[in-house]
Amino acid sequence: MVTLEVASSKHLFKPGEFNMMYAFGIGDVAISISGNSANSGTVTHTLRAVGAVTRALAKHREGDVVGLRGPFGRGWPLDAAHGKQLVLIAGGIGLAPLRPVIYHFMQHAADFDSAYLLYGTRQPEDILFQQELVAWSGRPGFRYEVTVDYADENWQGHVGVVTPRVAKIPLQPDNAVAMLCGPEIMLRYCAEQLLQRGMRASDIFVSMERNMKCAIGLCGHCQYGPHFICKDGPVFSLAEILPWFGRSEI
């Protein structure tokens, strides 16, 4: 994983939105913003180097120039969560788009009941923002749990996938807003668990990932049922997309 901080004097965004980043001469790619929306002057992105563009971006060093346009999309519904419990469920690099939500909570904790983060990753060395997690855990009203798929004897936490841990969340189903980001199969099973625990589909929000190219709903690459992920999302309430959620052909 690589985190890039890009100097940008007037780049304001809301948690959950994304930018199109491009490596000159290679191409562009949609990357969620992983920084603090209250900070001006820089915009932060966390990415995995898995394709031509992200591998090129990952090689950039201080002083290099990257292309940036945005922000785009619809972010997390923080206003709708005021006064309620925030339940954040992340898988792998899915913690990056939820990081701005945690920053917002830390700065406006009095606006919420509490916050609980459930984070799953492949192995301990893949845990993102480890120092911040430790620092956040000392703040009143915030709790978190990390589970890994694989670990050696040095790991003291939970081992296993995220889904079974959803049943252990100290959930207030009638007074909670859940925000989920990660692999789509994880989103589906975690959302099912939350529904079984009494949450409403309208209070469960997921950030969808599709191959976004134009970011304005024109090219059609990210069509999802009647929606375009780049324009109408990437954040959707489960109630909006339930008829298509989890279908393998969409």
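**Questions on the predicted model**

Colleague: Is H60 buried or exposed, and what is its relative accessible area?

Modeller: This is a predicted model, in which local features need pLDDT of at least 70 and side-chain atom pairs pLDDT 80 or more, while totals for chains, interfaces and linings use all residues. Residues are numbered from 1 along each chain as its sequence is written, and side-chain values use heavy atoms, without hydrogens and water. Buried means under 20% relative accessible area, exposed over 50%, and partly exposed in between, for a 1.4 Å probe and protein chains only. H60 therefore counts as buried, as its relative accessible area is 19%.

Colleague: Where is H60 found, and which residues does it touch, not counting those up to four places away in sequence?

Modeller: H60 is found in the loop between α1 (52-58) and β5; helices (H or I, at least four residues) and strands (E, at least two) are DSSP runs, numbered from the N terminus. The side chain of H60 reaches the backbone oxygen of V65 at 3.5 Å, which is also the limit for a polar contact, a pair of N or O atoms within 3.5 Å. Contact means heavy atoms within 4.5 Å, and beyond four places in sequence H60 touches V65 and V66.

Colleague: How far is V50 from M1 in space, C-alpha to C-alpha?

Modeller: V50 has its place in the loop between β4 and α1, and with a relative accessible area of 59% V50 is exposed. V50 and M1 are 49 residues apart in sequence, and their C-alpha atoms are separated by 9.8 Å.

Colleague: Which residue forms a salt bridge with R74?

Modeller: Side chains of opposite charge can pair when their charged atoms come close. A salt bridge is a side-chain nitrogen of Lys or Arg within 4 Å of a carboxyl oxygen of Asp or Glu, and a search of the whole structure finds six. For R74, the closest N and O atoms are 3.0 Å apart, and the partner is E240.

Colleague: How many residues apart in sequence are the parts that this pair ties together?

Modeller: R74 is partly exposed at 34% relative accessibility, and E240 is also partly exposed, at 31%. R74 lies in the loop between β5 (67-72) and β6 (85-91) and E240 in helix α6 (residues 238-241), so the parts tied together are apart in sequence by 166 residues.

Colleague: In the salt bridge of R200 and D203, what is the distance from N to O?

Modeller: R200 is partly exposed, with a relative accessible area of 39%, whereas D203 is buried at 9%. Their side chains meet in a salt bridge, and the N to O distance is 2.7 Å.

Colleague: Which element gives the largest share of the lining of the largest pocket?

Modeller: On a 1 Å grid over the protein atoms alone, a pocket is an open set of points where a 1.4 Å probe fits, with protein on both sides within 12 Å along at least five of seven lines, and lining residues have an atom within 4 Å of a point. The largest pocket holds about 1000 Å³ of space, and R48, I93, G94, G182 and E209 are the closest to its centre among 40 lining residues. Elements giving two or more residues to this lining include β4 (41-47) and α2 (95-107). The largest share, five residues, comes from β3.

Key: Grid points are joined across faces, edges and corners, and a volume is the space filled by probe spheres set on the points. A polar contact is a pair of N or O atoms within 3.5 Å; within protein, one must be able to donate a hydrogen and the other to accept it, and residues adjacent in sequence count only if both atoms are side-chain atoms.
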